[in-house]
Amino acid sequence: EYAVLLEMGSGEILNVKKVVLSAMIFALGGCADLGRVGMHPDVRTASFSAPKSDIENCLYSSVSRVHLSISRDAPLADGTDRFNLLDRSEEKVAWVELSSVSRKSTAMSVYYAPHSAEIKKAVDAVITRCRAEFD
């Protein structure tokens, strides 16, 4: 092995190091728990005429009504708040992103398990309830 490295120039060794580092980053990045949501989720978006904190409160109360639980995830760099929706077995079935469009306007994106009529119905119910409360 070392003989091969000795025969390589410094530029080639640097390229090998880049490939190894890239593979390590890819492997670690692939460790995220996507739950039932998977790599290709269905997406539902909605906008509300209310501050983000009000929509967050509505989200918490609405989720419990559809027999799911909610946990806060790390926010995105742009200030978008993220939440995970979990089923009774604590498996992630959807994640929600809430972002402020203005002081009195909020956008919601829900990424949920594809091909699951039950989860789609729950997501629709949460959005419908918050829309009824704020729009």
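**Reading the labels on this predicted model**

In this predicted model, contacts between residues at least 6 apart in sequence join residues at least 24 apart in 55% of cases.

Q: What makes the fold pattern of the protein chain, read along the sequence?
A: Happy to start there: the chain has four helices and five strands, and they follow the order α-α-β-α-β-β-β-β-α.

Q: Why is the Lys52 and Asp81 pair called a salt bridge?
A: The closest N and O atoms of Lys52 and Asp81 are 3.3 Å apart. The cut-off is a Lys or Arg side-chain nitrogen within 4 Å of an Asp or Glu carboxyl oxygen, so the pair qualifies. Lys52 lies in helix α3 (residues 52–65) and Asp81 in strand β3 (residues 81–86), 29 residues apart, so the pair links distant parts of the chain. Both Lys52 and Asp81 are buried.

Q: Why is Arg82 called partly exposed?
A: Its relative accessibility is 24%. Buried means under 20% and exposed means over 50%, so Arg82 falls in between. Its salt-bridge partner is Asp73, at 3.3 Å from N to O. Asp73 has 26% relative accessibility, so the label partly exposed applies to Asp73 as well.

Q: How do you know that Asp124 and Lys120 are separated by about one helical turn?
A: They are four residues apart in helix α4, which means about one helical turn between them.

Q: Which residues are linked with Lys120 and Asp124 in a network of salt bridges?
A: Arg44 joins Lys120 and Asp124 in that network. The whole structure holds six salt bridges.

Q: How do you know where empty space is left?
A: A probe the size of a water molecule is rolled over the atoms, and this shows where the empty space is. Here the count comes to one cavity of 30 Å³ or more, and the volume of the largest cavity is about 30 Å³.

Q: What makes the lining of the largest cavity nonpolar, polar or charged?
A: The lining residues are Leu59, Leu85, Val96, Met108, Val110, Ala122, Val123 and Val126. Leu, Val, Met and Ala count as nonpolar, so the lining divides into eight nonpolar, no polar and no charged residues.

Methods
Residues are numbered from 1 along each chain as its sequence is written. This is a predicted model: local features need pLDDT of at least 70, side-chain atom pairs count only at pLDDT 80 or more; totals for chains, interfaces and linings use all residues. Side-chain values use heavy atoms; hydrogens and water are left out. On a 1 Å grid over the protein atoms alone, a cavity is a set of points where a 1.4 Å probe fits but cannot get out, and a pocket is an open set with protein on both sides within 12 Å along at least five of seven lines; lining residues have an atom within 4 Å of a point. Grid points are joined across faces, edges and corners, and a volume is the space filled by probe spheres set on the points. Helices (H or I, at least four residues) and strands (E, at least two) are DSSP runs, numbered from the N terminus. Contact means heavy atoms within 4.5 Å. Buried means under 20% relative accessible area, exposed over 50%, partly exposed in between (1.4 Å probe, protein chains only).
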